Each structure stands twice: as C-alpha cells, then as structure tokens.
Amino acid sequence: MEDIDAMFSDMLQEMDLLTQSLGEEAESAPLPKPSSIPEPQQMNFSVGFTDFNASLHDLEDNDLDALMADLVADISATEEKFATERDTSKDSAPIAPKPLQPQSNFGLPASTDTSKPATSSNSIAAPPPPPATKLSKEEQEEQLKADKIKLALEKLKEAKVKKLVVKVVITDGSSKTLMVDERQTVRDVMDNLFEKTHCDCNVDWCVCETNPDLQTERGFEDHENLVDPLSTWTRDSENKVIFQEKKDKYEVFRNPQIFYMWKKDKKSLMDMKEKDKEQLLEENFCGASVIVPDLEGVLYLKEDGKKSWKQRYFLLRASGLYYSPKGKTKASRDLVCLVQFDNVNVYYCKEYRNKYKAPTDHCFILKHPQIQKESQYIKYLCCDDELSMTLWVTGIRIAKYGKQLYENYKTAVRKASGSATWANRTIQASSSASTPSPKPKVKAANGHAPQPTKDTMGPANQTSFPPPPPSLDILPPPPPDPMLPPPPPAPPAPPASATKVNKFPPPPKFPQSSFPPPPMDDLPPPPPPPEDAELPPDFLPPPPPSFGSYGADMLPPPPPDPTASFPPPPPGPQNFASAGGAPPPPPPPPPPPAPAPAANPSAGYVRKVAPPPPKRTTPQLTAPSGGDLMSELMTAMQKKRGQ
Amino acid sequence: MAAWDLTVTVEDLGPDAPPLQISVTSDLHIGGVILKLVEQTKLKKDWSDHALWWEQKQQWLLRTGWTLDKCGVHADARLIFTPQHKPLRLCLPNGATLKMRACFSSSVFRTVMGICRVLNIRHPEELSLLRPVEEKKKKKDKDSSEELYDLTDVPLTAGSVQALYNGMPAHFADSPKTEAVYKMLSVSLPSPAPEAIAKLYRPASVVDKTHIHTRWLDSSRSLMQQGIQENDRIWLRFKYYTFHDMDPKYDAVRLTQLYEQARWAILLEDIDCTEEEMMLFGALQYHIGKLSLSQDVVSTCQGMDDLESALKSLEVKMVGDGNSTDILDNMTAPVLNDYLKIFRPKRLTLKGYKQYWCNFQDTSISYYKSSEDRFGEPIQQLNLKGCEVAPDVNVAGQKFCIKLLIPAPEGMNEIYLRCENEKQYSQWMAACKLASKGLTLLDSSYQSEVKNIQTFLSMQRSNSAAPTAQTDDSINTHSLVSPRYHKKYKPKQLTPRILEAFQNVAQLSLTSAILKFLQIWQALPDFGISYFMVRFKGSRKDEVLGIANNRLIRIDLGVGDVVKTWRYNNMRQWNVNWDIKQVAIEFDGNINIAFGCVNADCKVVHEYIGGYIFLSTRSRQQSDTLNEELFHKLTGGHEAL
C-alpha cells in the first residue's frame with residue numbers, strides 16, 4: 001500500500017507544483033524559483049492500465065532482469081526524448097565541450113559527438129543551466145510556462161502509453177520476454193528480438209500469433225502495432241507469440257511472377273530474369289494504386305453455421321473477395337462480395353480436415369482480429385493445394401495493406417543488409433538532429449542547488465501524504481493532439497492475467513540517479529521514428545528556461561551512445577547485473593517489503609488494489625494500480641538478489 | 001519559263017467570292033505565291049497564320065521555300081488560302097463543349113500539345129482527339145441550347161511556362177468569361193441528371209467497346225488531312241492510361257478532367273465494377289461534388305493549429321485559476337448523453353427496442369436504465385473501437401438507426417441504436433464512426449463528420465422537393481451510379497447504401513477524394529484496357545485484342561475470357577505491313593503473332609502499342625521536353641519515316 005501512497009503523493013505534489021508555479025507566474029511574480037521547487041517526482045500516471053498481472057512471478061529470473069532493463073530503458077528513453085527536444089531549442093548555444101564534471105549525470109542529451117563517454121551512473125544531477133540567450137523577463141516566463149506545459153503534456157502522453165510484457169516463443173523452443181509499448185511497431189519489436197537472439201536478420205523473420213482454439217496462425221505485418229492485437233486476447237487465452245522464419249512473408253517481392261503470372265506455366269516462372277521481376281514489382285506496386293493479383297478459381301467455403309463446405313468460384317479484387325453465384329457470369333456486376341478487407345485479417349489454419357471436415361488441410365480464414373473463438377462471423381475457406389493457399393492469402397494481404405507491404409519489405413531488406421550497423425545509425429540520426437546542449441560549467445555556475453535525491457524523499461512522502469486517489473481528478477486529460485492520436489483507452493474489462501501477455505503499467509519513475517543507465521543496446525528506439533517526424537515543429541524546441549525550472553533530476557541520461565561506455569555487451573541480464581548490481585543504487589526499495597506477495601507465494605497472488613477509484617470525469621485516467629506492479633517487480637528482484 | 005494561271009480560293013473573301021486567278025511560273029516558290037495572292041486580295045489584315053491547302057491532294061503547302069514545281073502543283077490544282085488555326089468545338093472529358101482555336105495544319109500530336117497548353121494540362125502526350133459518336137438527327141436542334149464555353153479569343157501562346165495569375169494561368173484571368181472557363185476546367189461539374197446518363201450511349205459488350213477506339217485520329221497527320229472541318233465537334237480524351245507525374249499542385253485541370261473521364265467511364269459502364277465498388281464510387285462522387293460546390297481552399301495543416309490552441313487553452317486554464325473542478329470541467333472531453341432506444345437481436349427473442357439512458361464517452365457507450373441511474377454501474381458498456389458501424393436510415397419513415405457490430409472474442413455483437421431525429425442521429429453516428437477508428441469526440445473531425453451526415457441525410461429528404469438545379473442539398477442518388485442500378489434500386493434504397501460507403505470517405509479533402517476515386521478506378525481489373533476487334537493470322541473468327549500499358553490481351557469472344565497475355569517487356573519487335581494491313585509482333589522465345597484489324601485502321605492499333613512504349617520511356621528521361629521525334633518513330637506509319 002505504501003508505495004501506492006508514495007506514488008499518489010508524488011503525483012499530487014507534482015500537480016500542485018505545476019499549477020502553483022503557473023499561478024505564480026500569472027500573477028507576474030518575478031522569476032519562478034525553480035530551485036526551491038522540489039524536483040517533480042517522476043509521475044506515474046498509470047493511465048490506461050487498469051490491471052496488473054500477477055504472472056510476474058512466473059517469469060524466470062533472467063527474464064526479470066531483462067525486463068527490468070527494459071523498464072529502465074523505457075524511463076530514460078522518455079526522459080531523454082524530452083530532453084532532446086528541449087535541447088533542440090537552444091540553437092544559439094555554443095557547441096558543448098565534453099562534460100567536465102565526471103560526477104554529473106547530466107549528460108549532454110543530444111550532442112553529435114558520439115565518442116563522448118557516457119556519464120557515470122551513480123551520481124545525480126548537475127545543476128540546471130541558465131538560458132543560453134538573454135531573453136526579456138516576460139519572454140522567459142512565457143517560455144518557461146510553455147515549456148512546463150509541454151513537459152506536462154509529454155508526460156501525460158508518455159504515461160498513457162500502454163505496455164505489455166510479451167513472451168515470445170522462438171523456433172528453437174526457447175523464449176524471450178520483452179516489454180512492448182503500444183507505439184512500437186512489429187518492426188521495432190523484431191529489431192529488438194534480433195538483438196536478443198543474435199539470429200541472422202533475414203527478411204523472412206516474422207512475429208506470428210497463434211490461436212490454438214481456432215488453430216490459426218498469422219504473421220504480423222511489420223508496420224502493425226503489436227500491442228493492439230495482443231490486447232484483444234482473452235483473459236485465459238492460450239494464444240502465443242512466435243518468432244520464426246516464414247518464407248511466404250515477402251515471397252511476393254522476391255518472386256512476384258508467381259503471384260502476378262500465376263496462370264502461366266510454373267516451370268517457366270521460376271527462371272524469370274531479375275530485371276523482369278523488378279518491372280513486375282514496379283508495375284504493380286509503384287503506380288498510383290497497387291494492383292492486386294488477379295486471382296480467381298474454385299475455393300471451398302464453409303457455409304455459415306453449417307458443417308458443409310461448398311465450392312464456389314472466387315475472384316480477388318482490390319475491393320474485396322467476391323464469388324460468382326451459380327448460373328451467373330464472371331462479370332464484375334454479377335459478383336457477390338463475400339467480405340471486404342477493412343475490418344478483417346487473414347489467418348492460416350492448421351488441420352482443418354479434422355477440426356471442421358474441410359476438404360483439404362489448406363485452409364485460411366478471414367475474421368475480425370478480436371474474434372478469438374469459433375463464430376459465424378468468421379469466413380472459412382479451403383484451397384486445393386498449398387500454393388493456391390499462399391496465392392490467396394498473399395493476394396488478400398496485398399489488397400488489404402497495399403503499398404505498405406512493399407515499404408515493409410524494402411525496410412526489411414535494408415535492415416537485413418545492414419543489421420549490424422543499424423542500431424548505431426538510427427540512434428545517431430536521432431541525436432544528430434538536435435543541437436548541442438549548453439556547457440555544463442555554465443549550468444553549474446547558475447547556482448541551482450542539486451536536488452535532493454529521491455531515495456530519501458520517497459519514503460518520506462509516503463507517510464506525510466494520505467492516499468489521495470481523488471487527486472487524480474486534478475489531472476487534466478491530455479488535450480487533443482491531432483498529430484498523435486490518443487492511445488486507446490483502457491479496455492473496459494480488466495485485461496488478461498494470462499501468462500504470456502502481461503499488461504504493464506508504466507513504471508513508477510524513479511529518480512534518475514538511482515538507476516544504472518539502461519543497457520543501450522537493448523533500447524528499442526522508443527517512439528517509432530515516424531512519430532517523431534510528425535511532431536509539430538514547435539513542439540521540438542521548447543525554450544531554454546525549462547532547465548531552470550525542472551532541475552536536474554529531470555534531465556535525461558546521456559544520449560544513447562552505444563559505442564562509448566557500454567561495450568556491446570551480452571544484452572539483458574548480464575549487462576544489467578554488472579552495471580546496476582554492484583554500484584550502490586538498486587532501485588528504490590519497495591519500502592516495507594513484508595506483506596508483499598512475493599514473500600508468500602504459496603498463498604497465491606494477493607492483489608494489491610488501490611482504493612476503488614471514484615467515478616472519473618476524465619476519461620483517460622484509470623485506477624493507479626500501477627505502483628503495484630513496480631513494487632512487485634522490485635520485490636521479486638530483491639528476493640532474487642537476496643538468494 | 002511559261003507563266004500559267006493558278007486558281008486559289010481565298011476564304012477571307014467570303015464563301016461566294018470567286019476563286020482568284022494568279023499568274024505564276026513553276027519556279028515560283030510558295031512564299032511568292034502567297035505574296036502575290038495577298039496583294040491581289042487588296043485586304044489589309046494579318047495574314048501570318050494563313051497557308052495554302054491543296055484540296056485534291058488533301059495536303060498543306062507549308063514549305064514556303066519550295067517551288068510549285070517541287071510541290072507538284074500544276075494548273076489543275078485547286079488551292080485554298082486559309083488560316084491554319086481554326087475554331088473547333090472541343091468536347092472535354094467532363095462533357096462540356098469548349099470552342100477554341102486549334103491548329104489544323106500540324107500533326108494531331110502537336111495540335112493536342114497546343115490545346116493542352118491553352119487548357120493548362122500537363123503531359124499532353126497522354127491525350128488525343130477522337131471523332132465523336134454520331135448524334136441522332138433530332139438532337140441537332142438541341143445544339144443551340146447547349147452551353148458553350150468559348151476560348152476562341154484567347155491567343156495561343158508559344159511559351160510553355162505559364163505565369164499564374166489569381167491562381168490560374170494568366171490567359172484565363174483576362175475576363176470573367178474566361179475565368180468561368182477555367183473554373184469549368186478545373187472544378188468537377190455537378191452530377192448529371194439520371195435521365196442524362198440514361199440517354200447517353202453505353203457499350204453493352206466488349207464488342208461495343210471496340211467501336212470507340214476506331215475513332216482515334218491519326219497522331220501523325222493534321223486535322224485537315226483527316227477531314228476535320230472548322231467548327232467540327234471533336235472529343236478530347238485521355239488516350240493512354242499511364243498518368244505520369246501527377247501533382248495536384250500543378251495539375252488542377254488535368255486531375256479534374258481525368259476524374260471526369262473516369263467518372264463517366266463508371267457511369268456509362270465503360271468499365272465494369274462490382275456493386276460495392278459502384279457504391280463507393282457513388283459516395284466519392286457525391287463527396288467530390290459537394291466539396292466542389294463550396295470550394296474554398298482549406299489548408300490541411302489544421303493539426304498544428306489544433307495542438308497550438310490546445311496548448312494555449314491548457315495554459316489559460318492552468319494560469320487562470322487553480323480551481324481543480326473548473327479545470328476538470330473545461331478539459332473533459334465532450335460527452336453525449338441522451339435517451340436512445342437499444343435493440344440487441346438475439347435468436348428466439350421477440351424483444352424490440354427498449355429505451356435507455358446512453359452516455360457516449362471516449363470511445364464507449366454506457367447505457368443505464370434511466371438518467372437517474374447514471375452515476376451507478378451501467379447496464380453495459382460498449383467499447384466501439386474497431387467495430388463496424390452501418391447506417392440504417394429511412395428519412396421518410398423517420399427511422400434513424402445505427403447498426404453496430406462490436407467485435408468480441410466470441411464473434412460480433414450486433415446492436416442497434418435508434419435515434420429520435422436527424423440531429424440526434426448525426427451526432428451519435430459521427431461519434432460511433434470516430435470511436436470505431438479509436439478517435440474520441442474531442443477529435444477535430446467530429447463537427448465536420450456530424451455535418452457531413454446531416455447533409456447526406458438531407459439528400460433523401462429533398463428528393464420529393466421541386467426539381468431545382470442541383471444545390472448542395474438535393475441530389476438524386478441515381479445520378480451517382482450507372483443506369484443498371486437505376487433499375488435495380490430506387491433512390492431511397494440506394495441512399496443508405498451510398499451513405500454506408502460515404503462514411504469511409506467523408507473525411508477526405510477534395511483532392512484526396514479525387515485521387516482516391518482515381519486510385520480505385522485504376523485498381524479495377526479491367527482498368528486501362530483498350531479493345532480492338534482483330535482477326536489473328538490463321539484464325540477464322542474475330543477476336544478482341546486488349547491493349548494495356550504493359551501488355552496485350554487476347555480475348556475469346558465466345559467465352560468472353562482472356563485467352564492469352566503478352567507483356568511488352570518480352571516484345572522483340574513489331575512491324576506493320578501497310579499493304580495487307582497486318583500487325584506482326586515478335587516476342588521472346590520465338591513467339592510470333594500477327595493480326596489484322598477488323599473495324600479500326602491498323603494505324604490506330606500500331607499507334608496505341610507504340611504510344612505505350614513511348615510513354616514507358618518517359619520516367620527514365622526526366623527532361624520536361626517531349627521527345628516528339630521518338631513518338632513519331634514509334635507510332636508513325638510508313639509515310640512518317
């Protein structure tokens with residue numbers, strides 16, 4: 001309970017400060033006194049996660065480590081992202097020299113100097129820098145205000161990001177557990193997996209979802225979000241996420257003739273010239289609209305609610321899957337639309353001959369992704385042979401995703417060819433986008449006292465503040481942000497407590513200093529790059545004074561700099577252990593460890609639930625049960641360390 | 001050298017004036033003839049555009065340096081002295097007729113370039129001229145009433161770069177009249193009346209479709225040579241279905257006319273599509289029509305402003321006063337609260353609609369027994385994210401239902417919401433629609449979505465109203481679909497179907513809607529195929545040859561199905577035997593085909609194939625200048641080479 005309290009109080013404090021300081025400014029108070037403001041504790045708006053999964057305990061120890069690393073990386077990534085944005089505003093700032101105080105954790109968030117050593121992990125916070133340019137007081141205030149608002153918004157946005165812990169089964173039978181946040185595409189997740197598994201990064205690798213109830217399998221497309229589909233799994237789902245090579249994922253781009261000239265003799269197709277293949281791709285994927293393979297032929301359709309399969313002559317069109325009714329011609333106007341692809345996905349099926357008495361085992365179904373069980377809303381189709389099934393499924397994917405599929409393929413090829421250098425490249429790209437931060441010396445000279453570390457403050461807060469659930473109401477919902485559509489709200493039902501997917505709240509944010517810097521190599525570029533690009537420009541360069549107001553704690557760790565201080569380590573566990581285990585700061589102890597479920601595992605998981613949240617008028621906010629998870633995690637980790 | 005008399009008719013002297021006789025010698029060059037002629041007319045005017053047309057030989061004498069002897073002109077020649085540029089009644093892809101001057105003496109390819117320069121259409125090589133379908137006699141008198149746009153006063157500029165003035169090429173900005181012409185060219189026209197569509201010729205079969213292609217003019221000869229007279233009607237159409245470098249910024253006219261051509265192709269069943277596709281085309285036409293009527297240039301960078309204003313408002317609120325509830329009130333997303341009737345169809349139930357207090361918040365609907373219960377637990381909460389939303393509306397019957405298919409692990413939950421009136425319906429419908437996409441009421445598109453639904457509903461309402469000119473509100477849905485569906489559905493049956501498709505496109509801007517229309521059109525299986533009736537060598541029956549931008553298709557008329565496809569990139573060479581009018585093509589792997597054309601000139605077929613090959617070279621050479629020589633090389637007949 002205490003940690004929740006702490007969290008609440010932190011949050012309350014934060015909000016108080018925010019409003020308070022703004023109020024002050026409005027009343028034309030002189031400069032706000034940033035140094036006097038207790039460092040805004042990193043808030044945990046555990047928004048969007050109504051639930052936390054008990055299954056943490058099921059995770060193996062090394063999973064936990066990896067997970068922890070992920071979490072930390074996540075926290076710092078956000079920080080960093082924000083700081084980077086902030087820094088970009090300082091156009092006028094001179095190029096920063098290397099940090100002079102080694103104890104400063106302050107890192108130059110986004111300097112282009114990649115060889116700069118990462119700053120040490122155990123100390124906190126250099127004082128904030130002064131604004132690089134002299135602005136009038138009003139301007140400063142303005143900017144300060146604006147900056148705070150932006151920070152608040154950013155945090156709100158970040159806090160709402162839904163995260164899942166996903167156990168990914170790998171073909172060799174092992175599995176990896178990783179945290180996926182809802183902004184990550186399957187591509188990002190795969191990059192992450194490539195790092196973790198050290199497999200060759202060829203384009204055939206694919207993250208698939210299997211559903212044992214329906215005996216289906218579907219490879220996620222690289223541009224899809226992973227969190228969305230996984231969120232729709234049922235509570236007791238046996239579904240799995242599998243990481244495997246799938247030949248047919250991009251076969252259409254390697255051998256387009258198989259799909260686009262399927263009527264021709266198969267033998268002659270195999271030895272097609274590369275030049276002709278390229279031309280086929282260009283014709284079909286590079287025009288104003290993507291041309292869907294002109295598939296047609298007899299397929300078996302399982303009749304609604306019946307056991308029988310009926311032959312029909314099907315035709316694939318960009319607008320949907322059609323069949324020609326008995327006694328009619330194949331003319332377009334006579335076709336009957338079986339399904340359009342906007343709301344359905346296509347799934348391969350296994351052993352439908354047994355399950356549904358299908359004529360062959362080469363079946364595929366079309367269904368809404370949320371449907372998890374047998375239903376009349378599923379369209380069951382059966383092909384004569386495997387090739388024809390591949391043709392149809394691929395054809396439907398082309399019709400559904402269009403050019404995106406080709407883009408995915410091109411990205412995959414690019415990454416596969418440069419997989420080794422990729423991680424460095426993107427990170428550099430993002431950091432080089434921003435201008436250097438001001439000199440640390442100047443920051444120190446500004447005279448802001450370093451903020452007290454949170455290690456001491458956390459527990460203190462937790463006693464002095466009552467558990468204030470209503471304080472949540474103070475939080476304004478995030479304003480509409482047309483560029484980045486708000487993430488989906490939490491599903492109404494408490495999500496699954498299944499073993500494979502755990503809903504995760506955002507970690508309560510700990511003072512930066514107490515954490516070892518995240519293992520950078522594990523760090524998935526947290527917000528997908530395109531999103532970055534879409535940020536309105538005025539969001540990127542928040543004005544300088546922010547540093548003053550938001551003290552050191554808020555400052556991010558150094559820019560991800562894989563080459564510098566972290567020798568490309570074995571990812572995950574070991575790295576974490578070496579970096580974080582030895583030096584003082586373990587994560588802030590989940591204060592009174594006594595009644596934690598971990599201590600009493602046999603009794604089953606006792607859920608720590610926050611007081612039932614009051615009816616909220618703000619839509620996005622849900623019960624802050626998130627602190628729970630973190631403490632859970634901590635306990636587990638501690639337990640493990642103790643052993 | 002002996003002098004002889006040359007007879008020349010000078011058109012400018014009037015139709016009844018006798019031909020002039022001028023005394024010439026055979027070594028007099030054409031320029032000299034013209035000089036003598038002009039002196040003799042005693043007319044003072046600008047003769048610079050005039051040239052000699054040799055009627056018997058059907059050719060122009062354009063080389064002023066050539067002597068009469070070299071041209072082969074003798075005393076028996078009847079020459080006509082006439083302007084090279086004459087007015088033409090150009091029937092545009094959008095169906096409007098535009099009177100403008102075109103060059104009658106240069107090759108049609110050049111003439112089209114000139115026309116397109118005036119009309120501000122880039123890439124004129126994609127267009128060409130064709131003879132119109134013969135009109136029935138009785139329609140002749142209607143011609144006078146036909147609205148005619150006139151551009152004959154606009155001088156033909158030689159420069160290729162057009163200065164823009166008031167957002168249109170400078171030569172359109174001269175007068176209100178020409179401005180109106182530009183508007184006609186660049187803004188799509190209102191939907192035609194259903195009767196007008198029904199009256200027009202529609203090809204009923206693939207054989208019918210071959211007829212239209214027999215009408216293309218020869219690109220390498222002049223209009224005059226092909227018997228086109230001053231003031232004749234002629235169609236301007238996109239001939240080759242590869243649209244290079246389409247850029248809405250520069251291609252206002254081109255895009256609009258292409259859209260119009262596509263629209264008419266759909267309406268007249270020139271290209272076949274399914275019912276679902278037709279409904280989507282209908283919805284897009286409605287949307288485009290509506291936006292075109294109220295065309296004010298709306299900038300699309302709204303997103304930025306929204307964020308900015310959101311920040312501002314947040315700022316104001318936080319600065320304003322610290323009263324937390326106040327902040328909350330202001331910052332809370334708008335909600336919809338109302339009594340609605342809900343119906344959940346289940347097997348073996350006869351229960352009908354039941355009234356509940358419904359609360360729409362975020363992307364969910366919660367419903368309660370009554371408004372008093374709204375603080376308690378809802379009877380049910382429906383999260384609409386990812387659901388299917390379909391309208392079930394009958395304005396006349398005052399039925400405003402929203403059909404929701406909400407996905408659940410077990411399948412889809414079917415739920416009907418019944419609203420009292422249009423206003424309520426449009427609000428809830430818009431909210432459902434946004435929620436299905438994961439957007440909330442807070443989204444900036446909500447208000448426009450509501451408005452869209454309202455205007456669409458009013459279509460139904462005003463059907464019975466007086467048949468005024470098509471305004472924003474009244475439109476007959478029959479004018480959005482091909483006549484086949486006029487028979488199949490009544491307008492009020494059609495409206496909900498189009499409305500359903502409309503939901504998915506209502507948010508598009510004018511340009512994106514047009515692009516979307518073109519995209520779907522281009523994705524149709526039969527898109528871009530031009531049909532010709534041919535007879536293959538060694539075959540005894542007529543077959544149809546389809547020419548597309550990348551392949552030739554052989555279609556068996558008996559089966560009506562594609563028999564064989566040959567791709568251009570396997571093509572080694574093609575020849576035309578002009579004597580027996582046979583096209584012979586050789587493909588990789590020693591495949592040889594030869595065919596003669598049944599109803600078209602084989603020059604047309606030859607030009608079509610050559611034209612596509614010419615167009616495919618464009619992407620490689622990025623220069624703006626058109627390689628006219630290459631075009632003629634690829635498409636010209638024996639006389640051109």
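Figure 1. Just after H11(A), A:Gly402 adopts a positive phi of about 60 degrees. The model shown here and in the other views is predicted. H11(A) covers residues 386–401, 16 residues in total. From first C-alpha to last, H11(A) reaches 22 Å, close to the 22 Å expected at 1.5 Å a residue. At the start of the helix, a side-chain oxygen of A:Asp385 comes within 3.4 Å of the backbone nitrogen of A:Leu387. H11(A) is mostly covered, with 13 of its 16 residues buried.

**Figure 2. Chain A as the setting for that helix.** Chain A contains 19 helices and 13 strands. It has 643 residues, and 61% of them count as buried. Take the contacts in chain A between residues at least 6 apart in sequence: 76% of these join residues at least 24 apart. The accessible surface of chain A comes to about 24400 Å². Carbon and sulfur atoms account for 56% of that surface.

**Figure 3. Helix H7 of chain B and the residue that follows.** H7(B) runs through residues 252–267 and has 16 residues. Its span from first C-alpha to last is 22 Å, close to the 22 Å expected at 1.5 Å a residue. The helix is mostly covered: 15 of the 16 residues are buried. B:Glu269 follows H7(B) and has a positive phi, near 55 degrees.

**Figure 4. An open sheet of seven strands in chain B.** The strand order is E16-E15-E14-E13-E19-E18-E17, and the pairing is antiparallel. E16 (380–383) and E17 (388–394) of chain B are the edge strands, each pairing on one side only. Neighbouring strands of this sheet are turned by 35 degrees against each other on average, direction ignored.

Figure 5. Strand E15 of chain B spans residues 364–368 and pairs with E16(B) in the antiparallel sense over four bridges. B:Ser364 stands opposite B:Asn383 in E16(B). Helix H11 of chain B, residues 422–436, packs on the sheet. This helix touches E13 (336–343), E14 (354–361), E15, E17, E18 (399–408) and E19 (411–419) of chain B. The direction of H11(B) makes about 90 degrees with that of E13(B).

**Figure 6. The hairpin of E17 and E18 in chain B.** E17(B) and E18(B) pair in the antiparallel sense over seven bridges. B:Ala390 has B:Lys403 in E18(B) as its bridge partner. Four residues lie between the two strands of this hairpin. In the turn, B:Gln398 has a positive phi of about 50 degrees.

Figure 7. E18(B) pairs with E19(B) in the antiparallel sense over nine bridges. B:Ile406 stands opposite B:Asn413 in E19(B). Two residues lie between E18(B) and E19(B) in their hairpin.

Definitions and conventions: Residues numbered from 1 in each chain as written. Chains lettered and ligands numbered in written order. Predicted model: local features only at pLDDT ≥ 70, side-chain atom pairs only at ≥ 80, totals over all residues. Heavy atoms only, no water. Expected span 1.5 Å × (residues − 1). Buried < 20%, exposed > 50% of the residue type's maximum accessible area, 1.4 Å probe, protein only. Polar contact = N/O pair within 3.5 Å; in protein donor to acceptor, adjacent residues only side chain to side chain. Pairing = 2+ DSSP bridges. Axes fitted to C-alpha atoms, helices over the stretch in contact; angles between N-to-C directions. Contact = heavy atoms within 4.5 Å. Areas by Shrake-Rupley, 256 points an atom, 1.4 Å probe, with all protein chains shown as cover.
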